[in-house]
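Welcome, and thank you for taking a look. Please open the structure below and keep it beside you as you read.

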Amino acid sequence: MKKKTIVNVLKLVGVIVAIVIVGYFIYTGGNI
Amino acid sequence: MRLFGAIKHINYKHYVCAGITLLFVLCSVFVYPHNVLRLLESTRDVGVSIAFFFAQIFRIPHSISPTVTDLSSVTYFNEYTFGFPKTWEEFTVVFEKYWATFATSDNLTGYLSYVGSILYYVFIAIFVIALILLGLFAYLKIDIKRENNDYAKESRPLKVFKAVAIHAYLPTRKWLTSFCQFVSSHKAWWVTWLLIFLVNHNLISAVTSCIAYLFYFSVSVDVLSLFTQLYKLILDLSVGLHMIPLWGTLLFVIYLLNRAFKRIGYDRLNHHEMKNRGFINNLPFAVMNCGTMGANKTTVLTDMGLSQEVMYLDKARDLIIEHTMRFPNFPWVTLENMLKDAIGSHTIYNLATCKVYVRNLAVSGETFGYDAERYGVYFDNKLQHVDLWDSIESYAQLYFLYTLKTSFLVFNYSVRTDNVMRDKGNFPIWNTNFFYRNSADVDKNARYAHVLDFDALRLGKKMKPNNPNSNFFEFGVVGITEIGKERGNMIENYDKKKSDDKTNQKNDKFDVWLKMIRHSATVDHYCFARVFSDEQRPENLGADARELCEILGLRDTSEVKLARPGFFIVDLLYDLVYSKFVDVFLQYRHNRGDTTLLYYILRTVTSKLYGYYTGVYNTFGYKTVKIDVRRGLYDKPEEHKYYLAHKKIYSKRFSTDCFSDFFAVKALSSKVGINDIATYAGVKATFQELAQQDSYFVVNDLIKGFLSKNK
C-alpha cells in the first residue's frame, strides 16, 4: 500500500472517530 | 390583440418560473404560515428598537418598551427547541444535569448501542453494494474473455441504453441546462425564490432580530438579555433544521464544507505566492538557477519571471498612488489622457521618450489647469523639496509602465502571461491573480514573452551591426535558459579574442551591460529590471558574469501536495476505482474490439472521476523545491523553500522542450529512424558493431591504436 493511501485511511479513521465523539455530546444533550 | 401578441412573444420559461414561484408562495402559506408572522414580529422589533435608540441618545422623554427582549409570541416553534432552556437560570440547572449524565455508564452504553444500530444499517448497505459490485465484476471477468475483433461495434443493450439516453436523458439535461442559464440571467426570479426561502426558514427574521437587538443593546448595555436572544436565535434556526429533510441538510453541509475547503486551498496558494515573492525580492538583480537535468530549473525561472512581472505592476501602481498623495489636487487624469494619446501615436514608446515628452510639456508652459499658486509646486518629504515637474516625469514613466498592454518578459523561450487589465476609461486595474483563472480563457487572455535579441544586451560588438532592436532594452524581466551554452566560460572561450572582427563573448560587453542594468530601468528610485537565468553548473558561465549572479542551487522537488484540505475521501476512492479499472481496461482492450453496456458505464464513471480528480489536483496541487542560496564565496548555503503551484506554472505557460523545434528540423533532415538503425546480433557486441559506434574511445583509441601498432 502506498504511503499516501495509508495517510488517507488514517485521516478517514480520524474523521469517523471525531464524528462519534461529537455524536456523544449531541446524544447526551438529547437525553436530558 | 396587441396584448395577446405580446403574451405570445413571452418566453415560456417565464411561465415555468411563475409556476415555481407560486409553489413557493403556497409553501409559505400552508407549510410555513407562522414564519411570515415571525418576520412581521421581528420587523416590528427593529422599528421599536430604533425608536428606543433615538429617544435614548437625544434624551427625549418616552414610554417606549423594547420588544426585542421578549420571547416570540409566535408559538408555532415552541415545540422545536431541542430542549434548549429559555432562561439563564434554567440553563445552569440543565448544564449541571448535562455533565452529570455525560459521565454515566448508562448514557455511554446507550450511545454505543445507538451507534451499533446505525453501524448495522451501514454494514448492510456496504454489504449490498459490495455484493452488487462483486456480481458485476464477476460478470465483467467472464465478459472480457469473449474475444472478438468487432471494431467499434456496440452491443445490443448498449444501443438500447444510448437510444434511451438520446431520447430521454439528453433532452432533459439540455433543457435543464438552458433553464438554469435562463434563471441565472433573470435576477428577478432567483432573487424572489431566495427571499421566499430565507423567509420560510426564518433566516431573515434572525438577521432583523439581531439588528433590533444591536440598536437596543448599544444604548441599554443589557447583558442579561443576551441569553434570551440566543434562545430566540436557536428557535428561529430550528425551523430550517426541522423542515429540511436530513439528506437535504447533509447535502447543504457538504456544499458548505466544499466551499470552505476551496477557500482554504486558494488562500494557501496565495500565501505560497506571497512567500515566493518575498524570496525573489531578497535576491539581487541577476539570478542563476543551477541543478541537474530535471531539477525544475527552467520551471523555477519561469515562475520567478511571472511573479516578478506582477510585482512590477504592483510597484508601479503603488508609486503612482504615492505621487497622487504628494500633489492631491493636481489633475492627474488630464496628464493620463495626454499620455494615452502620446502612447497611441507612438510618440512615447519607452521610458526615455516619456521623459522627453514631459520635458517638452514643461518647456511649452503646459499647466494642465492646475492652480499652482493655491496648491503649490513642491512637496516636502522632510528629505528634500520634491518639484512638481519631477513628480510629473516619474508619474508619466510609471503610468507608461503600468498601462503597457504587453508582457514585461524578454526571454529566450516563450512564456505565456495572462494578467487582465480592467479599464473603464479612467484608471485601469490589473487582475494579476494566477489561481482564480478559468481554463477556457487561457488562449483569450494570452500574451507572450518578447523574443530576446541578444544584441540588445551587448554594449560592445553586435551580431548584426545595424540591428534596429539593439537599443530597445530599458526595463523588464530578462530570462535566459541555458545561459552557459550562450556565454561559455574561460575554457570554452579561450580561442576567442577581444580584437576579433566578429562579435564574440569577449568583445560584446555583455558583462558590462549586466553590471549597468539598473541605470536604464530606474524610475522613482526603483529598478524595473531583473535577469533570471539557468544552467546545470555555475562554472559553465564565465567568472565575471557568474559572480554578479546569486547562485540558487535547486536540490530536490517534493511529491505533489494539495493545498485544498478534505480531499482524502476522493483520493481513496480514486486510488481504488482507477487502479482496478486500468486492469480491466487493458484486459478488455486486449481481448475485445467492441463495446458492451457494462464496459461503457464503467468507463464513463471512471472518466468522470478522473476528470474531477485531475481538475482538483491541477487547481490546488503544488510542489516545493528546496533551494540552496549561497550568498558569499565561503558562506554556508541557506536553505529556502520555493512553491510551484500547478495552476500557475503548468497552465500552458511554457514548453519544457523549448528548443525542440530545432531538433524537429534536424530530425526531418534525417532519412532514417530508430527502426532503420542496426541492432546488436547478440548480448556481446561484434568488432564490426563496435566500429559502427563512431566513438572517440572505441574508434580513435582502441581500433585506430590497434591498427597503427599492427602496421
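Predicted model: local features only at pLDDT ≥ 70, side-chain atom pairs only at ≥ 80, totals over all residues.

How much of chain A is buried? Of its 32 residues, 16% count as buried. The chain exposes about 2,300 Å², and carbon and sulfur atoms supply 80% of that area.

## A nonpolar patch on the surface

Next, look for a nonpolar patch on the surface, with about 1,200 Å² of accessible area together. Two elements give two or more residues each to the patch: α1 (3-31) of chain A and α4 (88-102) of chain B. The most comes from α1(A), with 9 residues.

One member to pick out is A:I6, which sits in helix α1 of chain A. Is A:I6 buried, partly exposed or exposed? Its relative accessibility is 39%, so A:I6 counts as partly exposed. That value lies between the cut-offs, because buried means under 20% and exposed means over 50%.

## The largest pocket

Now turn to the empty space. Rolling a probe the size of a water molecule over the atoms shows where such space is left. The largest pocket has a volume of about 1,600 Å³. It is lined by 34 residues, and the closest to its centre are A:V15, A:I16, A:I19, B:L250 and B:I254.

Which elements give two or more residues to this lining? They are α1 of chain A together with α5 (105-144), α10 (246-281) and α19 of chain B. Here α1(A) gives the most, with 11 residues.

In chain B, find B:D594 in the loop between α19 (568-591) and α20 (597-620). B:D594 counts as buried because its relative accessibility is 9%. Leaving aside residues up to four places away in sequence, B:D594 touches B:N148, B:D150, B:K153 and B:Y588.

B:K648 lies in helix α21 (residues 646-649) of chain B. At 1% relative accessibility, B:K648 is counted as buried too. With residues up to four places away in sequence again left out, B:K648 touches B:E273, B:D303, B:L306, B:S307, B:F434, B:F435 and B:R653.

## Two residues with positive phi

Finally, visit two backbone positions in chain B. B:D524 is a residue other than glycine, and its phi has a positive value near 55 degrees. You can find B:D524 in the loop between β11 (522-523) and β12 (526-527). Its relative accessible area is 17%, so B:D524 is buried.

B:K652 is not a glycine either, yet it has a positive phi of about 55 degrees. It is found in the loop between α21 and α22 (660-668) of chain B. Is B:K652 buried or exposed? With a relative accessible area of 53%, B:K652 is exposed.

How values were computed:
Residues numbered from 1 in each chain as written. Chains lettered and ligands numbered in written order. Heavy atoms only, no water. Patch = residues over 30% accessible without salt bridge, like charges linked within 9 Å, V, L, I, M, F, W, Y side chains within 5 Å. Areas by Shrake-Rupley, 256 points an atom, 1.4 Å probe, with all protein chains shown as cover. Salt bridge = Lys/Arg side-chain N within 4 Å of Asp/Glu carboxyl O. Helix = DSSP H or I, 4+ residues; strand = E, 2+ residues; numbered from the N terminus. Buried < 20%, exposed > 50% of the residue type's maximum accessible area, 1.4 Å probe, protein only. Contact = heavy atoms within 4.5 Å. 1 Å grid on protein atoms, 1.4 Å probe; cavity = no way out; pocket = protein on both sides within 12 Å on 5 of 7 lines; lining within 4 Å. Points joined across faces, edges and corners; volume = space filled by probe spheres on them.
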